[in-house]
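Hello,

Here is the structure I promised to pass on to you. Have a look at it first, and my notes follow below.

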Amino acid sequence: MRHPRTVFASAVAGIGFGIVAALGTAPAIAAAPAPAAPSTTGTQASIAAYTGSSENAAANRAFFDAVVKSVAEKRAANPGTQAVTVIYNAANAPSFSSQIASSAQIWNSSVSNVKLQQGSNADFTYYEGNDSRGSYASTDGHGNGYIFLDYAQNQQYNSTRVTAHETGHVLGLPDHYSGPCSELMSGGGPGTSCTNPYPNANEKSRVNYLWQNGFAAALARATS
């Protein structure tokens, strides 16, 4: 997904991508080229790879910012809405449809103040393909954010963990590569043998805190 961003306030975000060796079958590399994520040529792209990058902190913030702004715009159009729902588009990552669905289910069963739902007019998008940077989350500096899932990396790491990790950035969590396998946002730090796709208690608590009492509170906390 390459970068839908709509200004409504700045927020804190996480973006890192990677782990993909399927729980079950790793996505096969398509014979034909996969749909490419939108080009960032001529834009100030902010990218953080699953295994880390020098842009990580800024990218994390930018991605969450983009998602929060997108949600904010929709809520402004429908002020009576109480629940905070983040909409995603998985149509451009068909090889990872099961991992994306599992990731959403994992997060929806882990936190109570924000929910992920597939649908139209999405707040962020998943893409798949081949990229030398591996899997990553990205924003173009214009409020647009997307998660890119790399084929080769997904054959090295556990796909569901990679996807759930990257989705954690959508919900406001930063990378922490030095953490243990039990910590979802440690990403590729623990190595390819780590297959845990679940956030730990601290990560769940942090997401619930960020989104406590709805969007307005999430925005305030994100910008503080």
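Let me start with Tyr177: at 22% relative accessibility, this residue counts as partly exposed (buried means under 20% relative accessible area, exposed over 50%, and partly exposed in between, with a 1.4 Å probe and protein chains only). Tyr177 lies in the loop between α4 and α5; helices (H or I, at least four residues) and strands (E, at least two) are DSSP runs, numbered from the N terminus. From C-alpha to C-alpha, Tyr177 and Gly187 are 5.9 Å apart in space and 10 residues apart in sequence.

A word on the source: this is a predicted model, in which local features need pLDDT of at least 70 and side-chain atom pairs count only at pLDDT 80 or more, while totals for chains, interfaces and linings use all residues. Residues are numbered from 1 along each chain as its sequence is written, and side-chain values use heavy atoms, with hydrogens and water left out.

Next, the helix pair. Helix α2 (residues 97-110) packs against helix α4 (residues 159-170) at an angle of about 55°, and their axes are 9 Å apart. Those axes are lines fitted to C-alpha atoms, for helices over the stretch in contact, and angles run from 0 to 180 degrees between N-to-C directions. The two helices, α2 and α4, are therefore oblique to each other (angles under 35 degrees count as roughly parallel, over 145 as roughly antiparallel, 65 to 115 as roughly perpendicular and the rest as oblique). On the α2 side the contact (heavy atoms within 4.5 Å) is made by Gln99, Ile100, Ser102, Ser103, Ile106 and Trp107, and on the α4 side by Ser159, Thr160, Thr163, Ala164, Thr167 and Gly168.

Trp107 turns up again in the largest nonpolar core, where, of 28 residues, Trp107 and Tyr126 touch the most other members. Such a core is a set of buried Ala, Val, Leu, Ile, Met, Phe, Trp, Tyr and Cys residues joined through side-chain atoms within 4.5 Å. At least two residues of this core come from each of β2 (85-92), α2, β4 (124-129), β6 (145-150), α4 and α5 (201-210).

In strand β6 you will find Leu149, which counts as buried at 0% relative accessibility.

Finally, Asn121 sits in the loop between β3 (115-118) and β4 and counts as exposed at 59% relative accessibility. Its phi is near 55°, a positive value in a residue other than glycine.

Best wishes
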